[in-house]
Amino acid sequence: RKMSVPCSLSARFKGSFAYFTVKDRLPQILTKVIDTVHRTKSAFLEEYGEEGIEAEKKALAAFSKLRNELHTDKPLLLLMDNLPDTELWNQYLEHQQSLLSENDQPSWFKSPWLYVECYMYRRIHEGIVLSPPLCSFDVFKEVKNESFFQSQQAIIALCTYLQELAKKIKDVGEEQLKEEFFKLLQVSLWGNKCDLSISAGQDNSQKSSPLASLTDLQSCILVNDTDHLWTVLSHGMKMRSSQASVSRVDIVLDNAGFELVTDLILADFLLASKLATEIHFHGKSIPWYVSDTTKSDFQWTIQQLRAANHRWMSKCGSNWDSNLKKEVWLYHDHLFWTLPHEFCKVAQVAPDLYTELQKSDLILFKGDLNYRKLTGDRKWDFTVPFSQALNRFHPAPLCSIRTLKADIQVGLKCGQGEQLTSSEPTWMISGQYGVIQFSALI
Ligand SMILES: O=P(O)(O)OC[C@H]1O[C@](O)(CO)[C@@H](O)[C@@H]1O
Ligand SMILES: [Mn+2]
């Protein structure tokens with residue numbers, strides 16, 4: 001039985017957020033990339049000599065060409081680097097081509113928004129890879145690290161809170177445990193405000209204490225299925241009789257910087273409270289959507305905390321380090337996460353990843369882009385059930401934790417979306433609203 005799905009969001013809808021993104025935001029991001037590479041010239045010279053300068057020129061030429069293609073709505077091109085995912089990308093392009101008539105070609109302003117936006121980040125990566133010896137240079141590293149440092153105070157507040165909680169966790173009753181879980185889940189939700197692609201790389205860090213404002217923010221959570229999450233987790237905890245049985249939570253990470261710290265804090269709490277026994281993190285294998293977490297960001301963040309000149313920060317850092325060594329925390333970076341496919345295609349495109357996800361008791365998907373991929377980035381009505389928009393993607397009970405930064409939202413009550421639109425026209429893209437949206441359907 002083939003389910004019918006609405007069409008993809010796309011820049012071909014003039015005036016839509018997709019149109020605005022492809023027209024303005026993506027070129028701005030590319031311009032910043034060009035600027036970063038340019039500014040790093042002397043460091044390249046120092047590290048690689050003349051060869052570094054040649055590579056810098058080559059990368060800059062690739063990015064200028066890319067910016068021009070985007071600007072003039074040129075057809076999307078095949079990738080020329082020989083990476084493990086190159087073939088998959090090129091097949092995807094051929095597939096998009098096959099959906100069009102013969103004299104039409106996939107292009108920036110005509111193809112699905114999700115595809116062209118992912119494609120831009122993949123082309124940036126190609127530009128770097130084809131400019132050896134720069135191949136491992138992360139053009140977004142600098143802004144990611146800055147955003148971490150700018151949220152120092154908020155990070156200190158969270159680490160201190162967590163360590164105080166850890167001290168008394170054995171004596172905390174079920175009701176209070178639930179409350180603490182709700183709190184840290186919301187911190188992780190609002191941590192998602194801090195990504196750098198919505199602001200085209202502008203400073204967007206958390207400055208105030210993230211715990212103080214939770215009550216005020218509660219009315220901004222449009223769908224809040226936290227109770228369901230609690231049921232899944234606490235049930236798992238009670239069922240775990242012998243030491244051998246595990247409760248596994250997977251967190252599909254989004255942004256590095258402050259958001260990543262909020263996710264690690266939540267993960268730490270899940271272990272300390274015994275709500276879970278094993279946490280699997282999923283990051284990106286290449287720099288992605290400006291601030292997304294790579295393995296190097298993940299390691300860097302934990303090292304920064306460990307080395308921090310603050311008692312509770314460094315305590316968190318060293319605990320997290322040992323969680324990784326003990327393999328109660330595991331980090332994965334499957335290349336599927338940086339393909340343009342919607343998640344309902346995981347089983348087909350990356351069966352190994354799907355099998356892995358099926359082992360989970362609960363999968364948390366952080367952030368806006370993951371929401372777009374969960375729902376296929378399509379023009380769904382506001383009231384369509386979340387499980388329907390997932391289009392049969394259901395490896396395990398799953399939950400999206402995202403602030404709204406794209407004009408897509410499902411699972412609302414009748415009239416809720418319309419009411420928000422009339423009172424606050426930018427509710428879908430401002431990052432001021434969030435959802436904790438769960439689906440248990442098997
Ligand atoms: O880091 P997040 O929450 O996935 O957000 C990524 C951003 O990039 C976008 O995909 C926009 O281009 C938005 O949907 C969102 O603002
Ligand atoms: Mn992101």
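**Group meeting: a helix pair and some backbone spots**

Okay, let's start with Pro 133, which sits in the loop between α5 (113–129) and α6 (141–150). Helices here are DSSP runs of H or I with at least four residues, strands are runs of E with at least two, and both are numbered from the N terminus. The peptide bond leading from Pro 132 into Pro 133 is cis, with omega near 5°.

Quick background: this is a predicted model, where local features need pLDDT of at least 70, side-chain atom pairs count only at pLDDT 80 or more, and totals for chains, interfaces and linings use all residues. Residues are numbered from 1 along each chain as its sequence is written, chains are lettered from A and ligands numbered from 1 in the order written, and side-chain values use heavy atoms, leaving out hydrogens and water.

Now, the helix pair. α2 (residues 41–48) packs on α3 (residues 50–71) at an angle of about 140°, and their axes are 6 Å apart. Axes are lines fitted to C-alpha atoms, for helices over the stretch in contact, with angles from 0 to 180 degrees between N-to-C directions. So α2 is oblique to α3; under 35 degrees would be roughly parallel, over 145 roughly antiparallel, 65 to 115 roughly perpendicular, and the rest is oblique. Who touches whom? α2 brings Lys 41, Phe 44, Leu 45 and Tyr 48, while α3 brings Glu 50, Glu 51, Gly 52, Ile 53 and Glu 56, with contact meaning heavy atoms within 4.5 Å.

Last stop, Asn 391, in the loop between α17 (386–389) and β6 (398–403). Asn 391 isn't a glycine, yet its phi is positive, about 55°.
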